[in-house]
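This report is written for a reader who meets the structure for the first time. Please look over the sequence and the model before reading on.

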Amino acid sequence: PLHYQLDIQLDLEARRVTGRAWLHFTNNSAAALTELPLRLYPNLGRSEMVITIQRLMIAGAAVAPRLLAENSAAVASLAEPLAPGKTLELYLEFEARLPNEGGGNYSTFGYAAGVLALAQFYPTAPRIGSAGWDLEIPPLFGDMTTADPGLYDVWVTAPAALTLVATGVTLETESNADGTQTVYFVGGPQREFNLVASRDFQVSSRQVGDITINSYYAPEHEPGGQAALNWAGEALSIYQTAFGPYPYTELDVVATPTDAGGVEYPGLVVIGDRLYDQIDGNGSFFEIATVHEVAHQWWYNLLGNDQVREPWLDEALTQYATVLYYEGHYGADGRAGVVRSFNERWDRVKATDDQPIGLPVASYAGRAYGAIVYGKGPLFLLALRAQMGDDVFAQFLEDFIAAYRWRTATGQDFLAAAETACACQLDDLFAQW
C-alpha cells in the first residue's frame, strides 16, 4: 500500500496549514509509469489556489510539477520509468490557506463556526484505473475522491486549546513550551486522512465490543451529541452482523458546519451541526444521516468504488444499510418509513427526469442526483433482494465485501458476484433499473 508520513503545523491566526510529507509509492499497475500526479482537491471550484506544493523531490532529485485539471492535479515527470512492482520515495513541502468559509464540495475544507475542517488538505496520490491515472475533474456535488488504501503516520502541531479529531488513533500527545501541542496519529489501511479541530468540542463515548465510539459536538448540542452516539453504536452492531467486522478499534462522529447531511471518512464521519436539534421522533433526517455515514465504513472504505463514475455502488448500498438499521432497531414500521422516504425522493424526478441509477455524478442535474442515487438506488437493491431471496442476498453482500476487501469494485463486479450467489440471470433486472 501507499505509506504517507505527514508533519503538519496549524496556524489559525494566519489561517494556514503548512506541512512536509514523505510518500512511499509502489507501482501496483501492470505498466511502467513515466509520470506521477498528486491531487490537490480543495483547489476545485475556487478562483484562487488554496493548496500549493512548495517543493517536490522524487528519489532525491528536485522536480517541478505542472498543474492540470483546474489546478487540482500536480503532475511530475519521472526521470526514469517506474516498472511494475518498483517503488519511489517522494518528499514534498506544501501549504494550504484556510478560507473563512467552507467553499465547494459541501464546505468540507475551511474554518467556520469555530470548527476547522480539513478534508483532502494534503497532496494525495490518485488511483490508477484501467485507463491510467484518475485525473477527472469531478463535480462539486457528490464525493470527489477515488483512492487506494494507504498507511498513515501523521504528526500535527497545533494550539494546545484545540481538540483534534482525526482518522486513525492517537498514539502520543506532547505539550510544547510555546503553548502548542504535537499529536501523533496512526492509521490504516484507509483511503484518506481527515482532520477536524475546535476549541469548543465536547465529547461523549461508549463501547461496542472492543470498539470505542466518540461523539464530538458543541456544548449547546449535547442532547444531539448523545443521540448521534447512540445511533452510531446501534448501527455499528447491526452492520457488523450484516457485512462483517468493522476494521478499526475507534469510530468518531463529529459535528461540523458541512452543507451536507454528513460526509464519510475512514473511522470518522462528520454530521451537519444544523441537524443536532432534530432529535424528536424516529426517522429524523439527523438519525438517517448518522447511520448512513456509519455504513460507509464498509461501502467506500473497506470496499472501494469509483465515487465519481459509479456513485451508486457506495451510496445506494449505504442507503440499503439504513433499511437494515431500521428493520433491526424499529421493526416493520421503521423499515416502512425509511422505504417510503426513498420513494418520496425518487418521486421528485420520476415523472420528468427519470434516469438509470448507474450513471456518473456529472450525468445528474439539479435534484436528480439525490433522487436517483439515494432514492431509486436502494429501491433497486430491495428489488434485487426480493428476486434473490433474503438469505441469499444477505450472504451475497457479506461475501462480496469480503472478496473485495481493500480493493476497488465496479458495477460489473457486483452483477457477476450476484449472479454467482443466486445461480440465476439478473441482466434483465439490472437493465430495468
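## Basis of the model

This is a predicted model, in which local features need pLDDT of at least 70 and side-chain atom pairs count only at pLDDT 80 or more, while totals for chains, interfaces and linings use all residues. Residues are numbered from 1 along each chain as its sequence is written, and side-chain values use heavy atoms, with hydrogens and water left out.

## Overall form

The protein has eight helices and 22 strands; helices (H or I, at least four residues) and strands (E, at least two) are DSSP runs, numbered from the N terminus. Its C-alpha atoms fill a box of roughly 60 × 55 × 40 Å along the principal axes. The radius of gyration is 21 Å, which agrees with the value near 22 Å that a compact globule of 433 residues would have; this radius is taken over C-alpha atoms, and the globule rule is 2.2 Å times the number of residues to the power 0.38.

Of the 433 residues, 56% are buried, where buried means under 20% relative accessible area, exposed over 50%, and partly exposed in between (1.4 Å probe, protein chains only). The protein exposes about 17100 Å², and carbon and sulfur atoms supply 49% of that area, as computed by the Shrake-Rupley method with a 1.4 Å probe, where for residues only the protein chains shown count as cover. Among contacts (heavy atoms within 4.5 Å) between residues at least 6 apart in sequence, 68% join residues at least 24 apart.

## Two nonpolar cores

A nonpolar core is a set of buried Ala, Val, Leu, Ile, Met, Phe, Trp, Tyr and Cys residues joined through side-chain atoms within 4.5 Å. The largest one has 80 residues, of which Y239, W298, L384 and F414 touch the most other members. Helix α4 (residues 312-347) gives the largest share of this core, with 14 residues. A second, separate core has 48 residues, including L2, Y4, V50 and A158.

The surroundings of Y239 can be followed in the model: leaving aside residues up to four places away in sequence, Y239 touches G244, V291, V294, A295, W298, A321, T322 and Y325.

## Strand β19 and its partners

Strand β19 (residues 211-217) is mostly covered, since six of its seven residues are buried. Strand β18 (residues 202-208) runs antiparallel to β19 and is joined to it by seven bridges, two strands being counted as paired if DSSP finds at least two bridges between them. V208 has I211 of β19 as its bridge partner, and in the hairpin of β18 and β19, with two residues between the strands, G209 takes a positive phi near 65°.

Strand β20 (residues 250-256) pairs with β19 in the parallel sense over five bridges, and the partner of I213 in β20 is L251. Together with helix α2 (residues 222-243), these two strands make a left-handed β-α-β unit; a crossover is right-handed if, with the strands pointing away from the viewer, the path from the first strand over the helix to the second runs clockwise. T256, which lies in β20, counts as buried because its relative accessibility is 3%.

## A covered helix

Helix α3 (residues 285-295) is also mostly covered, with ten of its eleven residues buried; among them are F286, E287, H292 and E293. The buried residues of α3 pack against α2, β20, β21 (262-265), β22 (268-272), α4 and α5 (368-388).

## Local backbone features

A cis peptide bond, with omega of about -5°, joins G188 and P189, and P189 is placed in strand β16 (residues 180-190). In the loop between β6 (66-68) and β7 (73-82) lies E70, which has a positive phi of about 55° although it is not a glycine, and which is exposed, with a relative accessible area of 51%. N71 is placed in the loop between β6 and β7 and has a positive phi of about 65°, although N71 is not a glycine; at 31% relative accessibility, N71 counts as partly exposed.
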